[in-house]
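This report describes the fold of one protein chain for a reader new to structural analysis. Please view the sequence and the model together while reading.

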Amino acid sequence: MLQIDSPELAKLLLSGSFGLEKESLRTDEAGFLSHTPHPFMDNPNIVRDFCENQTEINTSVQPSPHAVVAELERHTRTIQKTLGCFDSITQGDGYTSGNTVMDIGFSNVNPVLHCPGTLLGVGVMENWGRIFGGNDKYTYSIYSHAYCESIAEVQYAFYQEEVALAEKMGVGIQYFPKKNFLSRASILGPEYMGDDCIVPFDEQWPTGYGTGPFTIKNRYITEDVPVGCHIYHELCKKYGVPTPVIDSMITLGSVMTGQDYYKSGLTLDDLGIGELDGEQLLTYLNEGILA
């Protein structure tokens, strides 16, 4: 993380004119690189650069970071609407933005979904393809085969701890009603496929088949516990917010993988914000300046 000790130099980094470039690649429904023609020939800000399936955004020169980010978001929405990325984006109200990077981090659904689903569903996962579920373990999915009412309650309690921490810090977090957790598609369904994507637990969800994970040493644990859960753990110690559910994910993940994630997990010092108090951190998040 870039750290500037001089306030005068830090101010210079946020003054002047700004432009952004963002590169990405188009894929087909199967996840392979698209072979279709570039669909933005008449848009000078969305170009191909070096290949037909690239979508490169080049913003105009803007007078402030906020202005250039706003233009980048506008071009991104154009791409999403043209390509039909997700129904809730193309047919709904569009994606939800945050005021700070911490708002976006708190709204990342991976830890709250992956960790309880994988750890509490590990018995199903490790027996899938052995004593039930047929002979192919790679048809397993936490959504289709592990999620249930009890795991959903744990996920919702995990989310409530995130909400309490965000409120204590003074940052935002995306709102999810409890009913969205009580679904085989969980909060991903309504978020990406519209409000009606609620799948009762007594029904199957074929969309999830084969999405795994297939081992406890999957990124759902080896990334989401030491990075996502452990950062929450550190922030909650700083702000005095109890997180028994989040901490239980670190404890169980450590035991099951043989890694001590309390010792090896990402820390606030690793991010360069360990010494900041609450007011200093909030200023840094909103203004990009270390006081």
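## A buried serine in a loop

S186 sits in the loop between helix 9 (178-181) and helix 10. Helices (H or I, at least four residues) and strands (E, at least two) are DSSP runs, numbered from the N terminus. S186 is not a glycine, yet its phi is positive, at about 50°. With 0% relative accessibility, S186 counts as buried; buried means under 20% relative accessible area, exposed over 50% and partly exposed in between, with a 1.4 Å probe and protein chains only.

P213 belongs to the loop between helix 10 (188-193) and helix 11 (219-222). As background, most residues other than glycine have a negative phi, and most peptide bonds are trans.

## Basis of the values

The model is predicted: local features need pLDDT of at least 70, side-chain atom pairs count only at pLDDT 80 or more, and totals for chains, interfaces and linings use all residues. Residues are numbered from 1 along each chain as its sequence is written, and side-chain values use heavy atoms, with hydrogens and water left out.

## The chain as a whole

The protein chain has 15 helices and three strands. Of its 291 residues, 41% count as buried. The C-alpha atoms fill a box of roughly 65 × 50 × 30 Å along the principal axes.

The three strands form an open, antiparallel sheet in the order 1-3-2. Strand 1 and strand 2 stand at the edges with a single partner strand each, so one side of each has no neighbour in the sheet. Two strands pair if DSSP finds at least two bridges between them, and strand 2 and strand 3 pair over two bridges. In this pairing, I46 stands opposite I57 in strand 3.

| Strand 1 | 21-25 |
| Strand 2 | 46-47 |

## Helix 15

In helix 15 (residues 278-287), the buried residues are L281, Y284 and L285. Viewed down the axis of helix 15, these buried residues fall within an arc of 95°, so they line one face of the helix; the arc is that of the directions from the helix axis to the C-beta atoms. The buried residues of helix 15 pack against helix 4 (101-106), helix 8 (149-169) and helix 12 (224-239), where contact means heavy atoms within 4.5 Å.
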